[in-house]
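Here are my notes on this one, as promised. Have the model open while you read, and go through the points in order.

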Amino acid sequence: MENITAIIVEDSRLARNELKVLLKKHPQIELVGEAENVDKAYELINETQPKVLFLDINMPEKNGFELLEMLDNVPLTIFTTAYDEYAIKSFEYNAFDYLLKPINQDRFSKTIEKVIVSIEKEKSEEKPFELHRQIFIKDGENCWLIKISEIAVFEIVGNYTRVYFENHKPLIYKSLNQIEAKLPEATFFRANRQQIINLTHIEKVIPWFNGKLKAVMKNSGQEIEVSRRQSYKFKDVFGF
């Protein structure tokens with residue numbers, strides 16, 4: 001398989017060096033950059049689009065959780081922290097794993113093995129869905145068989161994704177990034193970090209603050225804010 005690109009976000013130079021030493025034992029992971037704060041990391045992630053993010057949580061000015069909230073597309077995230085009380089919170093952000101400092105080499109190797117397996121599996125499932133394809137959704141005692149084209153919105157809810165169609169909104173145990181990889185790009189659009197919308201289900205688009213847009217969905221009237229960065233892409237799609 002081709003190399004898996006990664007970046008390190010860590011305010012401590014010694015901690016960055018420690019991670020780089022550990023990564024040298026895993027040539028499948030290609031380090032494409034490092035940053036010592038959130039603002040530099042944000043620019044680096046948008047520039048390099050890494051598959052994996054090694055992310056410190058406790059940093060000056062902005063912390064690791066704030067970085068994830070800034071991103072529209074979140075890489076597979078491995079938190080590195082000296083504070084284990086952050087571990088539970090990390091999974092609210094769809095974290096893939098967390099490593100407690102000082103990082104144990106065997107524990108690090110197991111995490112890398114999980115990364116490789118996860119990305120290989122993701123690649124094997126990358127073939128996009130056809131719009132007419134039906135998918136089975138089960139939420140508790142309720143079940144639906146629904147066409148992809150009938151889904152209006154996908155939305156992150158913790159470790160789950162909420163699926164909006166007709167007057168239903170069940171939860172499924174898949175990340176938004178996993179779902180996005182299989183959706184037809186011509187029909188579904190990543191509006192922001194938390195939501196993907198079906199372009200054919202938009203009733204109208206409203207100019208919003210700071211260059212942003214707001215999409216109003218048909219039938220439900222649900223209002224979806226399109227992030228500033230994604231608003232530029234949205235305008236390109238529709239040529240305005």
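Predicted model: local features only at pLDDT ≥ 70, side-chain atom pairs only at ≥ 80, totals over all residues.

1. Let's begin in strand S3. Val 52, Phe 54 and Asp 56 point one way from S3, while Leu 53 and Leu 55 point the other way, and all of them are buried.

2. The protein chain has an average pLDDT of 88, and 92% of the residues score at least 70. Confidence is highest in S12, at 97, and lowest in helix H4 (residues 86-90), where the mean is 62.

3. Strand S1 (residues 4-9) runs parallel to S3, and 4 bridges join them.

4. How does the chain cross from S3 to S4? The path goes through helix H3 (residues 64-70), and this β-α-β crossover is right-handed.

5. Now for the other sheet I looked at. It is open and has 5 strands, in the order S10-S9-S8-S12-S11, with antiparallel pairing. Which strands sit at the edges? They are strand S10 (171-172) and strand S11 (188-190), each of which pairs on one side only.

6. Within that sheet, have a look at S8 and S12. Strand S8 (residues 153-157) and strand S12 (residues 195-198) run antiparallel and are joined by 3 bridges. Phe 154 has Ile 196 as its bridge partner in S12. S12 is also the element with the highest confidence in the protein chain.

7. Last, the surface. Val 157, Tyr 160 and Tyr 173 make a nonpolar patch of about 320 Å². Val 157 belongs to strand S8, so the patch includes a residue of that strand. Is Val 157 buried, exposed or partly exposed? Its relative accessibility is 31%, so Val 157 counts as partly exposed.

Notes
Residues numbered from 1 in each chain as written. Heavy atoms only, no water. Pairing = 2+ DSSP bridges. Helix = DSSP H or I, 4+ residues; strand = E, 2+ residues; numbered from the N terminus. Buried < 20%, exposed > 50% of the residue type's maximum accessible area, 1.4 Å probe, protein only. Right-handed = clockwise from strand over helix to strand, strands pointing away. Patch = residues over 30% accessible without salt bridge, like charges linked within 9 Å, V, L, I, M, F, W, Y side chains within 5 Å. Areas by Shrake-Rupley, 256 points an atom, 1.4 Å probe, with all protein chains shown as cover. Salt bridge = Lys/Arg side-chain N within 4 Å of Asp/Glu carboxyl O. pLDDT = per-residue confidence, 0-100.
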